[in-house]
Amino acid sequence: MSKRDYYEVLGVHRECQIEDVKAAYRKLAKELHPDRNPGDHTCEHKFKEINEAYDVLKDPDKRAAYDRFGHAAFDGGMGGRGPAGFDFSASFTDVFDDLFGEFMGAKRTRRQNRGGDLRYNLEITLEGAYRGKSAEIRVPSLIACADCGGIGAAPGTKPETCATCSGHGKVRATQGFFTVERTCPKCRGHGRVVRHPCKTCNGSGHVQKERTLAVDIPPGVEEGTRIRLSGEGQAGFNGGPPGDLYIFLSISPHPFFQRDGHDLYCRVPISFATAGLGAEIEVPTLAGGRVHINIPEGTQTGHQFKLRGRGMPILRSGGHYGDLFVEVRVETPVKLTKRQKELLRTFDDESAQGSQPDSESFFARMKEFLGGA
Ligand SMILES: [Zn+2]
Ligand SMILES: [Zn+2]
């Protein structure tokens, strides 16, 4: 079967720019991609054809060779080595790099791998979140072995280039007409093998160690706050940078205060007599002191008193605070003595018109509703 002209395959003219080649290839690759045309052998063949054409025409050197010698420049076809020394299989994945950009990044960092990130869950009290604090945390993590410098080879020896992957860290396998790259099983992607492992770390280059880190928790932190300690994660591989440590803060429930953003809420029960007669009550604050609230005569249950600036500190606000809302709940007395009951009956008998405005308005509305039915 004679091969089609590469320019013809991509539908571009001989003098076209590299941008035109790329644009034409992308358009065709989308149309002909096997994922979009499952089981269609014509598409499969064409897809292979455009990839081969693109591989040559996107590369100025290969394109120049092709322009001079035609297909003869690359005799041997896919996977073969042509007279000009081009290795097709080696560049085949480059085609996919163009399609799926993330392969590029993965390739560049192949040898020096960044260490993993660590997550540490830290629970603090609401008081701790209010005041802010410096917490010490103990983090078990992998750190670079001091004896071998994180290389994994016994002192005085060096790791050798992996023979299986020639140090690439990846091996290629052909599945159908796809070339699949996978991590080298021999060196697990490191590209090097250690023949004389370091005794301290058994050749891993890492040792497990518990580290103590100080974390500054600023006043006003909220539930779910993430604090990043840059470079305090797992050690990198082959001298790569370490990962980061993320501290996820949670705040334990408080027995007295509920928090909503910068504001605090609490409920204080007051007696029926206090509500009716009025009084001054004391409420504790997160700052540690107490505040006085003047309950006026005739305070209804559910009434909220706002104490400005007695809430949580507002993060990075330069000393501003939210508010504290104190809701009073009138408690109905239980286990009344005989005398208390008598007094309440007397109290009730003496209740004058206008002393229970809510009830009076309610019963008036009910009467109207029933009368109108
Ligand atoms: Zn070591
Ligand atoms: Zn290898």
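Reader: At 16% relative accessibility, does arginine 211 count as buried or exposed?

Author: In this predicted model, arginine 211 counts as buried, because its relative accessibility of 16% falls under the 20% cut-off.

Reader: Which residue forms a salt bridge with arginine 211?

Author: The general idea is that side chains of opposite charge can pair when their charged atoms come close. Here the partner of arginine 211 is glutamate 232, and the closest N and O atoms of the two are 2.8 Å apart. Glutamate 232 itself is partly exposed, with a relative accessible area of 25%.

Reader: How many salt bridges are there, and which residues are linked in a network?

Author: The count comes to 16 salt bridges, and Arg114, Asp117, Arg228 and Asp244 are linked in a network of them.

Reader: Where do lysine 306 and aspartate 323 lie?

Author: These two form a salt bridge, with the closest N and O atoms of lysine 306 and aspartate 323 being 3.7 Å apart. Lysine 306 is in strand β14 (residues 304–307) and aspartate 323 in the loop between β14 and β15 (324–331), so the pair ties together parts that are 17 residues apart in sequence. Lysine 306 counts as partly exposed at 44% relative accessibility, while aspartate 323 is buried, at 12%.

Reader: How many disulfides does the count come to?

Author: A disulfide is a covalent bond between the sulfur atoms of two cysteines. In this model the count comes to zero. As for the cysteines themselves, cysteine 16 is buried, with a relative accessible area of 5%, and cysteine 201 counts as buried at 5% too.

Reader: What volume does the largest pocket have, and which residues lie nearest its centre?

Author: To find empty space, one rolls a probe the size of a water molecule over the atoms. The largest pocket has a volume of about 700 Å³, and of the 22 residues that line it, Phe272, Ala275, Gly276, Phe347 and Gln356 lie nearest its centre. The elements giving two or more residues to this lining are α8 (272–277), α9 (338–350) and α10 (357–372), and α8 gives the most, with five residues. By type, the lining divides into ten nonpolar, ten polar and two charged residues.

How values were computed. Residues are numbered from 1 along each chain as its sequence is written. Chains are lettered from A and ligands numbered from 1 in the order in which they are written. This is a predicted model: local features need pLDDT of at least 70, side-chain atom pairs count only at pLDDT 80 or more; totals for chains, interfaces and linings use all residues. Side-chain values use heavy atoms; hydrogens and water are left out. A disulfide is a pair of cysteine sulfur atoms within 2.5 Å. Buried means under 20% relative accessible area, exposed over 50%, partly exposed in between (1.4 Å probe, protein chains only). On a 1 Å grid over the protein atoms alone, a cavity is a set of points where a 1.4 Å probe fits but cannot get out, and a pocket is an open set with protein on both sides within 12 Å along at least five of seven lines; lining residues have an atom within 4 Å of a point. Grid points are joined across faces, edges and corners, and a volume is the space filled by probe spheres set on the points. Helices (H or I, at least four residues) and strands (E, at least two) are DSSP runs, numbered from the N terminus. Ala, Val, Leu, Ile, Met, Phe, Trp, Tyr, Cys and Pro count as nonpolar, Asp, Glu, Lys and Arg as charged, and the others, Gly among them, as polar. A salt bridge is a side-chain nitrogen of Lys or Arg within 4 Å of a carboxyl oxygen of Asp or Glu.
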